[in-house]
Amino acid sequence: MLHLTTGRVGCLLSKQAVVALTSSGARMSSHGHHEVSDSVDMSQPMYWDRLDTPLPDRPWKDVLDSTDKSLKQKEKGPWTALSKEEKIALYRLKFNHTYPEMKRPSHEWKTVIGGMFIFGITGLVVFWQGHYVYPPQPHTFGEEWQAKQIQRMLDMRVNPIEGFSAQWDYKNKQWK
């Protein structure tokens with residue numbers, strides 16, 4: 001038993017040493033998994049495709065390749081020399097979607113209707129179970145039975161010091 005414990009401690013220490021010696025060991029051990037995720041720097045300007053923000057903080061494409069750079073040089077000249085495809089390519093360097101593309105309806109309504117159906121069907125199942133599956137309420141839940149039970153407890157003087165019968169006035173036959 002002691003040999004097993006020593007082996008386990010040695011294994012744990014060696015794993016921790018390996019994690020501590022890696023460059024991102026602290027990040028890996030703190031998250032509990034081995035992949036490292038990129039964090040987003042929220043202090044830097046970000047790109048948003050939104051209808052209420054026509055000009056985002058930064059262009060869609062930050063890193064330009066050689067064809068994009070030559071197109072940007074052509075942009076500085078007369079726009080009549082540019083073809084329709086080049087104008088569209090220049091637009092796509094700055095923006096990801098056009099307004100008609102942003103206004104295109106989404107299919108979120110299907111999810112909402114599906115959720116409503118699921119809740120509706122669940123309600124119907126609960127109603128059906130209450131009506132057909134569960135037995136009727138016991139007769140002891142009726143007001144008549146409960147009144148008789150209260151009277152029986154008072155007649156037996158149940159817990160007369162601090163309990164139920166202590167609240168009953170036996171001379172006047174009413175609650176105190």
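**View 1. Lys-72 counts as partly exposed, at 34% relative accessibility (buried is under 20% relative accessible area, exposed over 50%, partly exposed in between; 1.4 Å probe, protein chains only).** In this predicted model, local features need pLDDT of at least 70 and side-chain atom pairs 80 or more, whereas totals for chains, interfaces and linings use all residues. Residues are numbered from 1 along each chain as its sequence is written, and side-chain values use heavy atoms, without hydrogens and water. Lys-72 joins Glu-75 in a salt bridge of 3.2 Å, N to O (a Lys or Arg side-chain nitrogen within 4 Å of an Asp or Glu carboxyl oxygen). Both residues belong to helix 3, residues 66-75, and stand three residues apart, about one turn of the helix (helices, H or I, at least four residues, and strands, E, at least two, are DSSP runs numbered from the N terminus). Glu-75 is likewise partly exposed, at 25% relative accessibility.

**View 2. A salt bridge of 2.5 Å, N to O, brings together the side chains of Glu-86 and Lys-74.** Because Glu-86 lies in helix 4 (residues 84-94) and Lys-74 in helix 3, the pair ties together parts twelve residues apart in sequence. Glu-86 counts as buried at 18% relative accessibility, whereas Lys-74 is partly exposed at 42%.

**View 3. Glu-101 and Arg-92 form a salt bridge, with their closest N and O atoms 2.9 Å apart.** Glu-101 is partly exposed, with a relative accessible area of 26%, and Arg-92 is also partly exposed, at 30%. The whole structure contains six salt bridges.

**View 4. Helix 7 comprises 13 residues, 143-155.** Just after helix 7, Arg-157 adopts a positive phi of about 55°. The protein chain has seven helices and two strands, running α-α-α-α-α-α-α-β-β from the N terminus.

Note on methods: Expected span 1.5 Å × (residues − 1).
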